[in-house]
Amino acid sequence: MRLDWEIAKLGWRRYAAYPWATAAGIFTNTVFGFIQAYILLAVYRHRSDVGGYDTADTLTYVWLAQALIMTVYMFGWQELALRIRDGSIATDLARPLDPQRYWLAYDLGRAPYHFIFRGVLPFAVGALVFRLHYPSVPNALAFVVSVALAVVVSLGFRFLYNSSAFWLIDVRGVMMVSLTLSLFLSGMVMPLAFFPGWLRTLAHALPFASIMQTPIDIWLGKHHGAALVGVMALQAFWALVFLGLGRLTLRAGARRLVVQGG
Amino acid sequence: MVEPVILWRRLVGAQIRSQLQYRVSFVLDLVGAFLISFIDFLAVLVIFHNVTRLGTWNVREVAFLYAFSSISFALTDLLIGHLDQFPQKIRDGNFDILLVRPRSTLFQVIGSDFQLRRLGKAIQGLLVLGYVIGSLDIHWDAGRIGMLVVMVPAAIVIFGSVWVVGGCLAFWTTDGGEFSNAFSYGGNFMAQYPVDILSAWLRRFLAYIVPLAFVCYFPSLYILDKPDPLRLPRFVELLSPAVALAAACVAGLVWRFAVRHYRSAGG
């Protein structure tokens with residue numbers, strides 16, 4: 001446990017070391033938030049409800065998505081794939097610490113940094129300009145837990161597609177497909193409430209909704225009582241599925257790993 | 001004037017040859033760029049699943065904007081690169097090397113990041129354009145065909161100038177390379193949609209001061225013969241080439257100013 005804590009601190013410090021990168025990211029998220037907010041507001045000129053979302057719900061969604069994008073790390077993560085490609089994974093495997101546990105601890109140290117420094121400010125800017133929806137105290141607490149679960153689901157998924165590097169020399173193709181699926185089906189690009197019925201059903205049946213749509217719906221108070229527990233249990237389920245699959249591929253990959261040179 | 005062109009062709013030719021060495025990787029990259037750029041178009045389709053019009057624009061008209069913005073973005077990315085390599089050069093002090101060479105620094109930065117795989121996104125934009133252009137009722141005359149010919153080069157120059165100015169921030173903020181994403185990806189995102197749906201303050205800033213409305217919005221109004229929801233004088237629709245020229249001059253000046261303030265990280 002103490003070791004995990006130390007690794008998590010590393011994850012935090014790695015990102016805290018670049019304050020200008022953080023400032024630049026906040027600026028970019030804010031610009032995107034504004035553009036998307038006004039595009040979706042134009043939809044509400046013609047109707048007052050889209051898939052159960054009113055204007056305040058949708059605007060809140062837009063700004064929460066911008067706030068969470070770095071926390072759940074939607075974009076390309078390939079640190080594991082690079083370590084497999086250059087052979088450093090051999091050193092990782094020789095350590096008395098499981099690589100998956102290492103990256104999970106590291107990511108759980110990174111995520112709070114991004115949540116606080118990349119999330120709060122863009123959301124605050126959005127809250128100053130637009131009338132947003134704010135959660136009740138229990139929902140806010142559930143939201144924080146749900147975001148933490150979303151980080152684990154996301155890391156589990158990233159670990160999985162990164163470990164394809166054991167079999168492929170170049171993982172960029174796999175990464176692009178994984179990114180396309182997760183960006184679109186998580187609700188990052190567009191709230192799932194805007195999707196046509198069949199696609200929304202499909203997206204909710206897949207694990208990606210647990211990365212973005214679920215925590216935001218909890219903030220918006222769309223789930224109550226047993227349903228609230230249910231969606232969080234589903235997040236935990238997908239986290240375990242991805243971590244389990246990642247563990248299996250790591251084991252299978254390690255067995256066939258040949259590191260050239262030395 | 002001829003000499004830089006020859007040099008550029010040589011630089012780019014070498015990069016293309018090296019990228020084609022790994023055929024499978026190259027094809028995968030191309031397909032990847034093609035796939036991931038579909039997300040933005042899916043977003044447009046999802047919006048129009050819920051409404052028939054966004055402001056005064058229907059789905060085919062927005063797809064037209066989208067296609068032109070994507071093609072211009074992809075070609076800009078292909079021609080001048082993403083300008084995300086050179087902040088690294090500033091951080092590690094290697095920008096010094098560019099300064100001692102007898103060519104302009106901007107030319108060297110632009111010429112050193114040519115990635116053929118970026119064509120994937122342009123192909124996607126062309127497909128959308130091919131799909132939508134037949135269903136739009138456009139009265140092709142000399143003026144419209146002329147606009148069609150000049151709008152993409154003008155858009156490339158405008159996008160490119162905006163990226164250069166955004167990239168210049170790296171001279172002051174050594175690890176702030178992501179600022180340029182707001183201008184490049186953010187600019188593309190904005191140009192895909194009609195600017196009249198933005199609120200007035202954001203429009204003034206992003207559409208006129210950062211002249212992104214001249215990338216697609218005004219040329220498209222002209223080609224589609226659409227009344228401007230903003231009721232600006234009609235000649236504004238023809239200004240894109242002039243705006244592109246002005247933007248390029250501003251970008252050149254800003255770059256020169258920024259380079260003069262470059263402090264080497266040593267090394």
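This is a predicted model: local features need pLDDT of at least 70, side-chain atom pairs count only at pLDDT 80 or more; totals for chains, interfaces and linings use all residues.

User: What share of the residues of chain B count as buried?
Analyst: A residue is buried if 20 or more other C-beta atoms lie within 10 Å of its own. Chain B has 267 residues, and the share that count as buried is 43%.

User: Of the contacts in chain B with a separation of 6 or more, what share joins residues 24 or more positions apart?
Analyst: Take the contacts in chain B with a separation of 6 or more. Residues 24 or more positions apart account for a share of 79%.

User: Are H9(B) and H10(B) roughly parallel or roughly antiparallel?
Analyst: Helix H9 of chain B covers residues 142–168, and its axis comes within 8 Å of that of H10(B). The axes cross at roughly 165°. Angles over 145 degrees count as roughly antiparallel. The two helices are therefore roughly antiparallel.

User: Which residues of H10(B) meet H9(B)?
Analyst: H9(B) brings B:Phe159, B:Val162, B:Trp163, B:Gly166 and B:Gly167. By class, this contact has 6 nonpolar, 5 polar and no charged residues. On the H10(B) side are B:Phe179, B:Ser180, B:Ala182, B:Phe183, B:Ser184 and B:Gly187.

User: What is the orientation of H1(A) and H6(A) to each other?
Analyst: In chain A, helix H1 (residues 2–16) packs on helix H6 (residues 99–129) with the axes 7 Å apart. The angle is about 45°. H1(A) passes H6(A) in a right-handed crossing. At that angle the two helices are therefore oblique.

User: How many charged residues are in the contact of H1(A) with H6(A)?
Analyst: Among the residues that meet are A:Asp4 and A:Lys9 in H1(A), and A:Asp107 and A:Arg110 in H6(A). The contact also has 12 nonpolar and 3 polar residues. The charged residues number 5.

User: Which elements give two or more residues to the side of chain B that touches chain A?
Analyst: The contact takes 33 residues from chain A and 34 residues from chain B. The chain B side has 19 nonpolar, 12 polar and 3 charged residues. The elements asked for are helices H2 (23–36), H3 (38–50) and H10 (179–191) of chain B.

Key:
Residues are numbered from 1 along each chain as its sequence is written. Chains are lettered from A and ligands numbered from 1 in the order in which they are written. Two residues are in contact if their C-beta atoms, placed from the backbone, lie within 7 Å. Helices (H or I, at least four residues) and strands (E, at least two) are DSSP runs, numbered from the N terminus. Ala, Val, Leu, Ile, Met, Phe, Trp, Tyr, Cys and Pro count as nonpolar, Asp, Glu, Lys and Arg as charged, and the others, Gly among them, as polar. Axes are lines fitted to C-alpha atoms, for helices over the stretch in contact, and angles run from 0 to 180 degrees between N-to-C directions. Angles under 35 degrees count as roughly parallel, over 145 as roughly antiparallel, 65 to 115 as roughly perpendicular and the rest as oblique. A residue is buried if 20 or more other C-beta atoms lie within 10 Å of its own, exposed if 12 or fewer, and partly exposed in between; C-beta atoms are placed from the backbone. A crossing is left-handed if the near helix is turned anticlockwise from the far one by less than a right angle, and right-handed if clockwise.
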